[in-house]
Amino acid sequence: MGAINVHEFMTLDGVIDAPTWTFEYGFDPQMGAAIGAVTERSRGILLGRTTYDMFEPAWSTRTAEDDPGAPFFNDTTKYVVSGSLTRATWRNSQLIGPYDPDTIRRLKEEVDGDLYVSGSGTLVRALLADGLVDQLHLFVYPLTRGAGPRLFPDGAAPLNLALSAFESYENGVVYLSYRPAA
């Protein structure tokens, strides 16, 4: 059975909205290596509808020359969790319907490798609540937003996590990887 690995760009105060605020910090090549280590063992991408709608136009026309991550995003099967999307137009995309933890469990068993999740805040919060996230890969930026959707909103059930990896980069970003505590 594969693992679900969640990757998020977030602020110090936990905001995970569309990360246009990351641009001023640049992208340290070591950050790409950390993300690449997660994507190289992933055989599927699990996305919520909003992130799918943002990623499709951003990634579908990119090539490896444009961005080394383009082949992963374009060639890997994308499983889209949505109760409203009726047609997936990005190549290698499959609609799996509205969020259902049993559907996600079956997908974890069926995919020969890990599932990668990026963004998809509503989906990630549901996966966390149902104990389906095997690893959180957080890139924490040195700023606060004050308002916006948070990874762990008020009222979320408490989680016990164990730190499994960390790095810091010259641009001030810190990478923290957590797994559920035993």
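Colleague: In S8, which residue is the bridge partner of leucine 161?

Modeller: The bridge partner of leucine 161 in S8 is proline 180. Before I explain the setting, please note that this is a predicted model, in which local features need pLDDT of at least 70 and side-chain atom pairs count only at pLDDT 80 or more, while totals for chains, interfaces and linings use all residues. Residues are numbered from 1 along each chain as its sequence is written, and side-chain values use heavy atoms, with hydrogens and water left out.

Leucine 161 belongs to strand S7, which covers residues 161-168. Helices (H or I, at least four residues) and strands (E, at least two) are DSSP runs, numbered from the N terminus. S7 pairs with strand S8, residues 174-180, in the antiparallel sense over seven bridges; two strands count as paired if DSSP finds at least two bridges between them. The two strands form a hairpin with five residues between them, and in the turn glycine 172 has a positive phi of about 90°.

Leucine 161 has a relative accessible area of 34% and is therefore partly exposed. On this scale, buried means under 20% relative accessible area, exposed means over 50%, and partly exposed lies in between (1.4 Å probe, protein chains only). Together with Phe152 and Leu159, Leu161 forms a nonpolar patch on the surface, with about 240 Å² of accessible area for the three. Accessible areas come from the Shrake-Rupley method with a 1.4 Å probe, and for residues only the protein chains shown count as cover. Patches are made of residues with over 30% relative accessible area and no salt bridge; like charges are joined within 9 Å, and nonpolar side chains (Val, Leu, Ile, Met, Phe, Trp, Tyr) within 5 Å.

In helix H2, residues 49-59, the buried residues are Thr51, Tyr52, Phe55, Glu56 and Trp59. They lie on the same side of H2, because they cover an arc of only 130° around the axis; the arc is that of the directions from the helix axis to the C-beta atoms. An α-helix has 3.6 residues a turn, so residues three or four places apart point the same way. Thr50 and Pro57 are exposed on the face of H2 turned away from its buried side. Strands S2 (42-48), S3 (77-81), S4 (93-97) and S5 (114-118), with helix H3 (70-75), are included in what covers the buried residues of H2. Such cover rests on contact, which means heavy atoms within 4.5 Å.

Among these strands, S3 is largely enclosed by the rest of the structure, because four of its five residues are buried. S2 and S3 pair in the parallel sense over five bridges, and valine 81 in S3 is the bridge partner of glycine 48. S3 also pairs with S4 in the parallel sense, over four bridges; here serine 93 in S4 is the bridge partner of lysine 78.

Charged pairs come next. A salt bridge is a side-chain nitrogen of Lys or Arg within 4 Å of a carboxyl oxygen of Asp or Glu, and a search of the whole structure finds eight salt bridges. One of them joins aspartate 53 and arginine 49, with the closest N and O atoms 2.9 Å apart. These two residues are four residues apart in helix H2, so about one helical turn separates them. Aspartate 53 is partly exposed at 35% relative accessibility, and arginine 49 is likewise partly exposed at 29%.

Another salt bridge joins aspartate 134 and lysine 108, whose closest N and O atoms are 2.8 Å apart. This pair links distant parts of the chain, 26 residues apart: lysine 108 is in helix H4, whereas aspartate 134 is in the loop between helix H5 (121-129) and strand S6 (135-141). At 7% relative accessibility lysine 108 counts as buried, while aspartate 134 counts as partly exposed at 27%. Alanine 3, in the segment before strand S1 (4-11), touches both of these residues, as well as Gly113, Asp114 and Leu115, not counting residues up to four places away in sequence.

Finally, the buried residues of H5 are Gly121, Leu123, Val124, Ala126, Leu127 and Leu128. Their cover includes S1, S2, S3, H4, S5 and S6. Just after H5, glycine 131 takes a positive phi of about 70°.
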